[in-house]
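Please keep the sequence and the structure in view while reading.

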Amino acid sequence: MNEFEDLGFCKLDVGRNERTGHPEVVFGQGKTTDQVETIFTRLVEIHGRALVTRASEEMGERILAKYPEARYDEVSRLISFGESARKLPGKVAIVTGGTSDIPVAEEAAGTAAWMGCEIDRIYDVGVAGIERLLSQKDRIREASVVIAVAGMEGALVSVVGGLVRRPVIAVPTSVGYGANLQGITTLLAMMTSCAAGVTVVNIDNGFGAGFQSAMILQLVAEGT
């Protein structure tokens, strides 16, 4: 099989599943509905599964009309079809500072689940009411990877990083008042966290966090 197929408007990376363990994922934003449908259809034909991020409602309706078993989630804006042939070991805990962070957290959850991860959602446990977080510390410690999603000043990540002995993937969100600077303040705070074992993805990049958590657990699976 060639590494890519030329569809005219894009060069579809059909060899990515063989190289990385997972098919190419479609970034829906900026694409037309026709383009997304064409790419999605070809991915399903080749791999038996597909995932679109940042999808519009129109894209979701078009895909579901063609693939009734597909799912469009309005919160995460993910369109998914099929699932990984293998279930990865361990569990991914997704922790949010507030309810406003849930859309980004759900993008992470949906991505990781599609890639074969078991998900534990622990939402609205920000440090402004730190007892909420501490009441869940045993549950968080049971996870193999923790994704911490927060806006404002992003303090949640440093606290979580100090509670666990597992990798923490930090996701800054654009949630916050003016000095949050659409997530830049949160991003910089997370990048300068004093907690060891914390890595940071881009602002609102739930997909990146979910994908990375699955790659960590894929490594665990391949090492057993």
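## The parallel sheet

Two strands are said to pair if DSSP finds at least two bridges between them. In this predicted model, five strands form an open sheet with parallel pairing, and their order is β8-β7-β9-β10-β11. The edges are held by β8 (119-122) and β11 (198-200); each has a single partner strand, so one side of each lacks a neighbour in the sheet. From one strand to the next, the twist averages 20°.

Strand β7 (residues 92-96) is joined to β8 by four bridges in the parallel sense. Within this pair, Val92 stands opposite Ile119 of β8. Helix α8 (residues 184-191) packs on the sheet, where it touches β9 (145-150), β10 (168-172) and β11. The direction of α8 makes about 160° with that of β10.

## The nonpolar cores

Which residues have the most contacts inside the largest nonpolar core? They are Val92, Ile94, Cys117, Ile119, Ile147, Val149 and Val171, in a core of 24 residues. Two or more residues of this core come from each of β7, α4, β9, β10 and α9. The most are given by α4, with six residues.

Ile147 illustrates these contacts. Apart from neighbours within four places in sequence, the residues in contact with Ile147 include Val92, Ile94, Ala108, Ile169, Val171 and Ser213. A second, separate core has 20 residues, among them Leu133, Leu163, Val168 and Met190.

After α4 comes Gly116, with a positive phi near 110°.

Ser213 is placed in helix α9 (residues 206-223). Is Ser213 buried or exposed? Its relative accessibility is 0%, and because buried means under 20%, Ser213 counts as buried. When residues up to four places away in sequence are not counted, Ser213 touches Val92, Ala112, Val145, Ile147 and Ile169.

Strand β6 (residues 78-81) is covered on both faces. Leu78 and Ser80 on one side are buried, and so are Ile79 and Phe81 on the other.

Strand β4 (residues 50-53) pairs with β6 in the antiparallel sense over three bridges. Strand β5 (residues 71-73) also pairs with β6 in the antiparallel sense, over three bridges. Ile79 of β6 is the bridge partner of Val52, and Ile79 is the bridge partner of Tyr72 as well.

## Positive phi angles

Most residues other than glycine have a negative phi. Arg77, however, has a positive phi of about 65° although it is not a glycine. Arg77 belongs to the hairpin of β5 and β6, which has four residues between the strands. With a relative accessible area of 34%, Arg77 is partly exposed.

Where does Met152 lie? Met152 is found in the loop between β9 and α7 (155-161). Met152 is not a glycine, yet its phi is positive, at about 50°. The relative accessible area of Met152 is 40%, and this residue is therefore partly exposed.

Conventions
Residues numbered from 1 in each chain as written. Predicted model: local features only at pLDDT ≥ 70, side-chain atom pairs only at ≥ 80, totals over all residues. Heavy atoms only, no water. Axes fitted to C-alpha atoms, helices over the stretch in contact; angles between N-to-C directions. Contact = heavy atoms within 4.5 Å. Buried < 20%, exposed > 50% of the residue type's maximum accessible area, 1.4 Å probe, protein only. Core = buried A, V, L, I, M, F, W, Y, C linked by side-chain atoms within 4.5 Å.
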